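Subject: Structure handover

Hello,

Here is the structure I promised to pass on. Please open it alongside this note, which goes through what I found.

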Amino acid sequence: MAIGEAGPGSVRRGAQPKRLEETMRARLGRECVYVPSCRFGLYVALRHWCPPGGRVLMSPVNDDVIFFVVLAAGLRPVQAPLNPLDASIDIDAVPDEVWGSVSAVLTTNLYGNPDPAPRLRQKCDALGIPLFEDGAHAIGSRVGDRPVGAWGEASVFSLSKHVGAKAGGMLSLADPGLREAVERTCAGLLAPRRTSAELAYLVRPYAEAAVRGLRLRRAARSAIRLLGLADREDIRMPLRPDELARAAREAPGLDAHHPWVRVDMHDYRLQPGGLRLRRIGHKLDRLEEVLDACRAGTELLLSKPWAKPREGQGTQPLFRVPLFVADRDAAIAALAREGIVVGYLYDPPLDDYAGAEFTDPSPAPEAARWFARHALPVDPLRARTVVEVLERSGARPVPAPAERPGDRPAVGERPGNRPAPGERPGNRPAAGGLGRSRG
């Protein structure tokens, strides 16, 4: 699809959700276009700026859905070395030959901890390549003198995370002149609105409240599995390499990659209805209140021995605060007994998960493996309860590895945190929580 082209089968966007776009425009100081999901917005951005066959530098500690969006856009994911304490891209550890080969950079801003966007912006400018920001977890975070999402050619946000709307996203553009072209592209990719999907969206909060109130979570999960509605059993979804290789031959295109891109959000490309947009608007109106509560919870959690705070981290309203515990599975189980589900786990890293057939592995994978294995992402809105549970369970902090990739690992750690003999590598089911998509 050429830039700005809607393609065959395009539909009119209809009335724009202006209020949602204006709210985000005021936050970012940039043009914003409403999209049905963060992943849909990212696909549109990648198709606009990156011709098929390009290579995208990205984090291996990321949702697998985002990995499949990059593949669907006809691009080759290139996994970057990471900082082991916040899983941000380690710019200095990326070899010069890798920098010379990539055609774009995609940040993750994992759990709301910003990637080094100012330095990445300088690097991308020097190379003449676009910078894309995935702000799904970072709608209230700042880096340098700007909010996350105000550094790249384009940025995407999820309205399912801090906003809590369980639907919707935003695509932000540095160049407001591209708005009309982006809208045309979106129109050509949207699926028609379905009344059944809108009704399901409207009743979902009440069904979830009933499940929580009646303590039926386990029964609900069992019913979903029996009905064949579960998208994943482990942290990572099944790769299905033979099917994925066939889909790659049809890239770029969402249709061939739909079985992977739809996971955890089947309405990711659905044209929204008015009731859905109104509910999202009501949730967005409460965003500042939620962000304030997240800041307070973040500061509390970062003051505890399981945290490894970095400069400025305590001022961010993190979506999840990564704590680092020696036995994460035991900590997850202890929290589950108190009704706290731990999700948003991204283990193993994408290069270990997908292999060299579908991605370029990181040249220094140890930090990503350590983070993916030990990070316990907890909701700052449940901070006090989490602290009480971890203290009562005797959870021990795990030593941090050396910050530079290739240095000796911390005492008690296996190099790269590779599994010990007899230990099952990767794709471990989490006791009480699985990976969650970025929306």
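S158 has G169 in β9 as its bridge partner. That bridge is one of 5 that join β8 to β9, and these two strands run antiparallel. Strands here are DSSP runs of E with at least two residues, helices are DSSP runs of H or I with at least four residues, and both are numbered from the N terminus. Two strands pair if DSSP finds at least two bridges between them.

Before the rest, a word on the source. This is a predicted model, where local features need pLDDT of at least 70 and side-chain atom pairs count only at pLDDT 80 or more, while totals for chains, interfaces and linings use all residues. Residues are numbered from 1 along each chain as its sequence is written, and side-chain values use heavy atoms, with hydrogens and water left out.

The sheet

β9 also pairs with β1, in the antiparallel sense, over 5 bridges. There, C32 has S172 in β9 as its bridge partner. Is β9 enclosed or open to the outside? 5 of the 5 residues of β9 (residues 169-173) are buried, so the strand is largely enclosed by the rest of the structure. Buried means under 20% relative accessible area, exposed means over 50%, and partly exposed lies in between (1.4 Å probe, protein chains only). Both faces of β9 are covered. G169, L171 and L173 are buried on one side, and M170 and S172 on the other. In a regular strand, side chains alternate between the two faces of the sheet.

On its other link, β8 (residues 154-158) runs parallel to β5 (residues 131-134), and 3 bridges join them. D134 has V156 in β8 as its bridge partner.

Put together, 7 strands form an open sheet with mixed pairing, in the order β1-β9-β8-β5-β4-β2-β3. β1 (31-35) and β3 (76-79) stand at the edges with a single partner strand each, so one side of each has no neighbour in the sheet. From one strand to the next, the twist averages 25 degrees.

The helix across the sheet

α5 lies across β4 (104-107) and β5, at about 155 degrees to β5. Such angles run from 0 to 180 degrees between N-to-C directions; axes are lines fitted to C-alpha atoms, for helices over the stretch in contact. C124 lies in α5 (residues 117-127). C124 counts as buried because its relative accessibility is 1%. Leaving aside neighbours within four places in sequence, C124 is in contact with V105, I129, P130 and L131. Contact means heavy atoms within 4.5 Å. C124 and V105 are 19 residues apart in sequence, and 7.6 Å apart in space, C-alpha to C-alpha.

T108 sits in the loop between β4 and α5. T108 is buried too, at 1% relative accessibility. Which residues does T108 contact, leaving aside its neighbours within four places in sequence? They are S59, V61, N62, D115, D134 and R438.

The cavity

The structure holds 1 cavity of 30 Å³ or more. About 30 Å³ of space lies in the largest cavity. A cavity is a set of points, on a 1 Å grid over the protein atoms alone, where a 1.4 Å probe fits but cannot get out; lining residues have an atom within 4 Å of a point. Grid points are joined across faces, edges and corners, and the volume is the space filled by probe spheres set on the points. The lining is V61, Y111, R328, L345, Y346, F371, A372 and A375.

Backbone points to check

The peptide bond from A251 to P252 is cis, with omega near 0 degrees. P252 lies in the loop between α9 (241-248) and α10 (254-261). The bond from D347 to P348 is also cis, with omega near 5 degrees. P348 lies in the loop between α13 (328-337) and α14 (350-354).

A87 is not a glycine, yet has a positive phi, near 60 degrees. A87 lies in the loop between β3 and α4 (96-99), and is buried at 2% relative accessibility.

The whole protein

The protein has 16 helices and 11 strands. Of its 439 residues, 56% count as buried.

Best wishes

Technical notes: 1 Å grid on protein atoms, 1.4 Å probe; cavity = no way out; pocket = protein on both sides within 12 Å on 5 of 7 lines; lining within 4 Å.
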